[in-house]
Amino acid sequence: MDLVTLQNILDNTSFLVLFLTMLIYWGGAAFPEIPYLSALGTAGVWIANLCIAALLGARWLEAGYFPLSNLYESLFFLTWGITTVHLIAERMSRSRLVGVATTPVAMGITAFAALSLPSEMQASAPLVPALKSNWLMMHVSVMMLSYAALMVGSLLAIAFLAVTRTQAVELRGSSVGTGGYRTNLRSLTSQHQLTDNNSTAVAPVVSESNGRGSTAVLNLATPPTTSIADVPAAPTLSPQRLSLADTLDNISYRIIGLGFPLLTIGIIAGAVWANEAWGSYWSWDPKETWALITWLVFAAYLHARITRGWQGRKPAILAASGFVVIWVCYLGVNLLGKGLHSYGWFF
């Protein structure tokens with residue numbers, strides 16, 4: 001069996017495994033009383049991860065260079081990164097909802113790469129002179145790993161929004177920055193003042209303690225002068241959903257905190273490589289511009305978390321918008337735009 005045939009087998013196998021794994025995770029979410037589905041899902045992600053690693057290794061041996069020179073190779077490297085970060089996030093959170101969010105994206109990427117790309121874009125080709133550099137491995141691999149980490153973190157933020165729906169959830173997790181403690185202190189002070197001045201208590205409807213802190217939905221208690229019948233009942237989340245929401249918020253923050261330094265290093269490495277190849281550190285190429293926009297979006301997210309003390313829905317919405325920005329940066333400008341990084345499939 002030659003290496004090209006092996007690659008074709010491995011890319012189709014990884015797609016099939018990820019498709020079945022996605023169904024397993026979805027089945028586990030629908031039927032949580034079946035315990036072995038979670039272990040099957042984790043095993044499926046491991047198998048897909050190893051298949052993609054073998055595919056990239058075979059590609060490296062066949063072409064003679066690190067397999068990140070075209071769209072097909074970068075898509076599979078991105079999927080490998082997503083499955084790797086998924087395994088880290090799942091181990092940290094011990095929640096099967098991680099797989100519910102990440103496996104559809106990983107499966108969709110492999111389907112696009114293996115089934116939709118033209119054959120000429122899947123085949124390996126000799127490197128152009130500008131890519132014959134050690135910076136190919138340094139810059140592109142770090143950027144792809146940063147995309148993978150930021151995508152997984154954003155997907156967990158989207159999962160948080162789905163779990164909490166429209167509820168106002170007050171979180172007290174370990175991901176609160178210094179600004180969060182100031183915010184919590186002001187909140188407690190204002191609550192005591194409200195109780196003293198208006199005789200209105202601020203009571204936790206639900207409080208659930210876990211290893212990272214506690215999670216609560218706060219609701220104003222009924223004032224003495226108001227009839228209970230006049231106050232509409234506020235919908236609340238179950239303790240299980242609150243604990244899950246706290247976990248998703250915390251792990252999303254930590255994974256994005258991992259991806260952001262990688263993105264910073266990748267942009268700096270790309271600027272150095274651009275100066276060597278084209279004589280300019282920054283040329284406002286569409287890819288460079290959107291990489292800067294991506295950096296600013298997630299810098300704003302981390303600033304809001306660490307300095308302002310944001311938690312819950314506000315930073316989750318910002319991270320969810322970052323998911324769209326990453327795809328525009330990674331794929332949109334490459335396929336639709338004209339620039340130094342374009343693949344030229346559509347234009």
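Author: Let us begin with charged pairs. Side chains of opposite charge can pair when their charged atoms come close. In this predicted model, R305 forms a salt bridge with D249, and their closest N and O atoms are 3.0 Å apart. R305 belongs to helix 9 and D249 to helix 8, so this pair ties together parts that are 56 residues apart in sequence.

Reader: Is R305 buried or exposed? And which of these describes D249?

Author: The cut-off for buried is under 20% relative accessible area. R305 counts as buried because its relative accessibility is 1%. D249, at 4% relative accessibility, counts as buried too.

Reader: How many salt bridges does a search of the whole structure find?

Author: The search finds two. In the other case, E73 forms a salt bridge with R59, the closest N and O atoms being 2.8 Å apart. E73 lies in helix 3 and R59 in helix 2, so the pair ties together parts that are 14 residues apart in sequence. Both E73 and R59 are buried.

Reader: How should I describe the overall build of the chain, and how many helices and strands are there?

Author: One counts the elements, then reads their order. The protein chain has ten helices and three strands. From the N terminus on, the order is α-α-α-α-α-α-β-α-β-β-α-α-α. Of its 347 residues, 46% count as buried. The chain exposes about 16,500 Å², and carbon and sulfur atoms supply 66% of that area. Among contacts between residues at least 6 apart in sequence, 78% join residues at least 24 apart.

Reader: What is the general idea behind a nonpolar core, and which residues have the most contacts inside the largest one?

Author: In soluble globular proteins, nonpolar side chains tend to be buried together. In this structure the largest nonpolar core has 78 residues, and those with the most contacts inside it are L71, F76, L78, I82, M144, Y147 and Y330. Several helices supply at least two residues each to this core, among them helix 1, helix 3 (71-93) and helix 10 (313-336). The largest share, 17 residues, comes from helix 6.

Reader: Where is L248 found, and what does L248 touch?

Author: L248 is found in helix 8. L248 is buried, because its relative accessible area is 1%. Beyond four places in sequence, its contacts are L97, L156, A159, F160 and V163. L248 and I158 are 90 residues apart in sequence, with 9.3 Å between their C-alpha atoms. W273 also lies in helix 8, and W273 counts as buried at 9% relative accessibility. Between the C-alpha atoms of W273 and M138 there are 9.6 Å, although the two are 135 residues apart in sequence.

Reader: With which residues is T102 in contact, leaving aside its neighbours within four places in sequence?

Author: They are H86, V152 and L155. T102 is found in helix 4 and is buried, with a relative accessible area of 2%.

Reader: Which residues form a nonpolar patch on the surface?

Author: L16, F19, L20, L23 and W26 form such a patch, with about 460 Å² of accessible area together. L23 is partly exposed, with a relative accessible area of 41%.

Reader: How is a backbone angle read, and what is the value of phi near R94?

Author: Most residues other than glycine have a negative phi. R94 has a phi near 55 degrees, a positive value in a residue other than glycine. R94 is found in the loop between helix 3 and helix 4, and R94 counts as exposed because its relative accessibility is 73%.

Reader: Finally, what is the mean pLDDT of the protein chain, and where does pLDDT stay under 50?

Author: A predicted model should be read together with its confidence. The mean pLDDT of the protein chain is 78, and 74% of its residues reach 70 or more. Over residues 178-235 pLDDT stays under 50, and the model has 81 contacts beyond four places in sequence for them.

Notes:
Residues are numbered from 1 along each chain as its sequence is written. This is a predicted model: local features need pLDDT of at least 70, side-chain atom pairs count only at pLDDT 80 or more; totals for chains, interfaces and linings use all residues. Side-chain values use heavy atoms; hydrogens and water are left out. Patches are made of residues with over 30% relative accessible area and no salt bridge: like charges are joined within 9 Å, nonpolar side chains (Val, Leu, Ile, Met, Phe, Trp, Tyr) within 5 Å. Accessible areas come from the Shrake-Rupley method with a 1.4 Å probe; for residues, only the protein chains shown count as cover. A salt bridge is a side-chain nitrogen of Lys or Arg within 4 Å of a carboxyl oxygen of Asp or Glu. Buried means under 20% relative accessible area, exposed over 50%, partly exposed in between (1.4 Å probe, protein chains only). A nonpolar core is a set of buried Ala, Val, Leu, Ile, Met, Phe, Trp, Tyr and Cys residues joined through side-chain atoms within 4.5 Å. Helices (H or I, at least four residues) and strands (E, at least two) are DSSP runs, numbered from the N terminus. pLDDT is the predictor's confidence in each residue, from 0 to 100. Contact means heavy atoms within 4.5 Å.
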